[in-house]
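Please take the sequence and the structure shown here together, and follow the description from one part to the next.

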Amino acid sequence: MSEPAPPEFRVCPVTGRTVIVAPARAARPHDDRGDAGPCPFCPGQEHETPPETYAIHDANGWRVRVVPNRYPAVRPDAPAFGYHELVVECPDHVERPTDLREDQLANVFRAYRDRLAHHFAHPRIEAVSIFKNVGVAAGASREHAHSQLVALPFVPPGFVARPGPCAVCPMPAGSDKLVARSANLAAVCPAAPRFANEVWIVPTAHEPRFEATDHDVELAQLVRRVLLAMDALLDRPAFNWMLVTAPRPVADFHWRLEIVPRRSAVAGFEWATGVFINDVPPDRAAARLRDKLPA
Ligand SMILES: [Zn+2]
Ligand SMILES: [Zn+2]
């Protein structure tokens, strides 16, 4: 049997959209298809993943492990150049970040920062997307808590700041859309959220690059509070989080962690137009989430 073709970028000549065609990904296993076997992310199964590129250890062993994705969307030796890694967030077989202790979640954000710095040191890498899918409705194929990192040789549209003064800087001051605040961070509902109850975590100061920050513990505390409020409001929804941080080179940027509960499918109108319909105004979402924050 011949190897599937390596991944490649294709730009649609009609729409200008970039697509990654990666036939080898068709073989990736899914817990929910029943082709699980022993979990490859659990301790003792390290041989089931490619050798780690990064890890945080303590006296008990690894706490966070980063490994190349065995079914990559981009590869350093392929026409679709780039790096696709998995961040295994904890040794325990749990699914939701709220099942992690705060110090463990802080380790995950430290790993994000270290891997961002590592990939941006590569001269061809222009943007790095780190994201997390929790629940089948959010695109997760594995249960064990993990995030993905895709380092790209171009800047995708979602990572381009709009021209003009920073539109993120004023967000924490809009008290009607504020969910919670901590010393250096705010959780806010954006003015035009695509999804009901979408929350962005933003630094209150204008910080372009996530990897240059030092708020791991504070971020873990705030993310955990917001996720617990979402769990209480929406009964443990499937969700994605997406870290959007400055590409290189960058004129200006303000990083954010977007947390998007996935209770409704993206439908034909959104696919056709790129325009999302959201039935919960952001000020109402913020008020509901504030009500559900843990004490
Ligand atoms: Zn596991
Ligand atoms: Zn700003």
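The paragraphs below turn to the sheet, then to a helix packed on it, and finally to a metal site.

In this predicted model, ten strands form an open sheet in the order β3-β4-β5-β7-β6-β11-β12-β10-β9-β8, with antiparallel pairing. Its edges are formed by β3, covering residues 54-58, and β8, covering residues 178-181, each of which pairs on one side only. On average, and with direction ignored, neighbouring strands of this sheet are turned by 15° against each other. Within the sheet, strand β6 (residues 127-134) runs antiparallel to strand β11 (residues 239-244), and five bridges join the two; here Ile130 stands opposite Leu243 of β11. Helix α4, residues 282-292, packs on the sheet, where it touches β8 and β10 (199-203), and its direction makes about 40° with that of β8.

The zinc ion (ligand 2) is coordinated by the SG atoms of Cys166 and Cys169 and by the ND1 atoms of His206 and His254, at 2.0 to 2.3 Å. The angles among these four donor atoms are 103 to 116°, and the site is tetrahedral, while the spacing of the donor residues in sequence is C-x2-C-x36-H-x47-H. Because Cys169 lies in the loop between β7 (146-152) and β8, and His254 in the loop between β11 and β12 (256-261), this pair ties together parts that are 85 residues apart in sequence. As for accessibility, Cys169 counts as partly exposed, at 31% relative accessibility, whereas His254, with a relative accessible area of 3%, is buried, since buried means under 20%.

Terms used:
Residues numbered from 1 in each chain as written. Chains lettered and ligands numbered in written order. Predicted model: local features only at pLDDT ≥ 70, side-chain atom pairs only at ≥ 80, totals over all residues. Heavy atoms only, no water. Pairing = 2+ DSSP bridges. Helix = DSSP H or I, 4+ residues; strand = E, 2+ residues; numbered from the N terminus. Axes fitted to C-alpha atoms, helices over the stretch in contact; angles between N-to-C directions. Contact = heavy atoms within 4.5 Å. Donors = N, O, S within 2.8 Å, 3.2 Å for Na, K, Ca; no water. Tetrahedral: all angles 85-135°; square planar, octahedral: opposite > 155°, others 65-115°. Buried < 20%, exposed > 50% of the residue type's maximum accessible area, 1.4 Å probe, protein only.
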